Amino acid sequence: MTELTLACWDYDRAIPIFEGSVKLGGFDLRCHIESPGTLFPLSVTKAPFDITELSFASYLIQLSRDESPYVGLPIYLSRAFRHGAIYIRKASGIKCPKDLEGRVVGVPEYAMTLAVWVRGILSDDYGVDTDKLKYRTGGLNEPGRTERLNLNIPSHIELEELGSSISLNEAILDGQLDAIISPAPPRAFSDGDGKVFRLIDPAGPAEREYFERTKIFPPMHIVGIKKTTVEKYPSLPSEVYKLFLEARLIAMKRVREVAQSSANREMSPWYAEAYEQAVSVMGSNYWTYGLHNNRTDLQTFCRYCYSQHLTSRLISPEELFHLRAT
């Protein structure tokens, strides 16, 4: 039996694959559980895995340059609303999103998917000219992170590396940054330091209003298959898509069963309430895969990547994925 490697994080919608509850017919999958922080730099350089989790933004940038070693599948391993991803230094005087213009804002990478979505939402919904933010890149709580891809950002945008000796968290505390945009909170916020607060807080109401108005549930990470592997096994993309669809159905069923069970099987006191709220706003099938079910999300993200100078042309949703898996 042919052996293929698969790497992604241990999401509930991937665990059935890791556990062997669903199988890829005709192939022996060697699964590797790795975090996005490990996988994403590898995927744009060495590309060691046949099937892997990809940063959506990095994939789109490489696709626009015809440089991606992977072909994408419309499997959204990670999706997240990002209104709560903006953290402010209290002494900066920033009170609303528009106040971010002209301010020094830290972000782990300018081209990370999180940053693309946040800038797009700031622009579309809050009227922020995100080209006027002064960007500093670096590691969130540990110094040294750099952009994983070379970018062609126009000179009117101020984009600089923070440096290898200081983290974004340290920089906001000592006044070098006015704000941080990040998928995880800076340590100062997590530790309850009153010097740093979340700009949109609570974020939940804003995120639910955003979905009700736009019907967008932002895709963050997708799945890719190495192009050389697809050349050997042309039917593989559709089979991998089916595999992840089956795993997603199992995960969705378990979420529902846990939320509706007579005993709390998860260590979250309001698990059932969160599930019921998600269903009431988004419907029971709120985590969908595929191109057609997510066209608005994809068009929006492609537009954001183009308007934020990450792609030299506007990519269409039809260009994103292997046609046999849409």
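Select R208, F211 and E212 in α7 together with Q277, V281 and M282 in α10, for these two groups of residues meet, contact meaning heavy atoms within 4.5 Å. This is a predicted model, in which local features need pLDDT of at least 70 and side-chain atom pairs count only at pLDDT 80 or more, while totals for chains, interfaces and linings use all residues. Residues are numbered from 1 along each chain as its sequence is written, and side-chain values use heavy atoms, with hydrogens and water left out. Helices (H or I, at least four residues) and strands (E, at least two) are DSSP runs, numbered from the N terminus.

Colouring this contact of α7 with α10 by class gives 3 nonpolar, 1 polar and 2 charged residues; here Ala, Val, Leu, Ile, Met, Phe, Trp, Tyr, Cys and Pro count as nonpolar, Asp, Glu, Lys and Arg as charged, and the others, Gly among them, as polar. Now show the axes of α7 and α10, which come within 10 Å and cross at roughly 30°, the axes being lines fitted to C-alpha atoms, for helices over the stretch in contact, with angles from 0 to 180 degrees between N-to-C directions. That makes α7 roughly parallel to α10, a term for angles under 35 degrees.

A pocket is an open set of points on a 1 Å grid over the protein atoms alone, where a 1.4 Å probe fits, with protein on both sides within 12 Å along at least five of seven lines, and lining residues have an atom within 4 Å of a point. About 980 Å³ of space lies in this largest pocket, and of its 30 lining residues the closest to its centre are F217, A274, A278, Y286 and W287. By class, the lining has 18 nonpolar, 3 polar and 9 charged residues.

Next, select P36, G37, M112, R145 and P183, which lie nearest the centre of the second largest pocket, lined by 27 residues. α2 gives the most to this lining, with 4 residues.

Finally, display the open sheet of 6 strands, ordered β8-β7-β6-β9-β5-β10 with mixed pairing, where two strands pair if DSSP finds at least two bridges between them. β8 (159-161) and β10 (196-198) stand at the edges, each with a single partner strand, so one side of each has no neighbour in the sheet. Within the sheet, 2 bridges join β6 to β9, which run parallel, and G106 stands opposite I180 in β9.

How values were computed:
Grid points are joined across faces, edges and corners, and a volume is the space filled by probe spheres set on the points. Angles under 35 degrees count as roughly parallel, over 145 as roughly antiparallel, 65 to 115 as roughly perpendicular and the rest as oblique.
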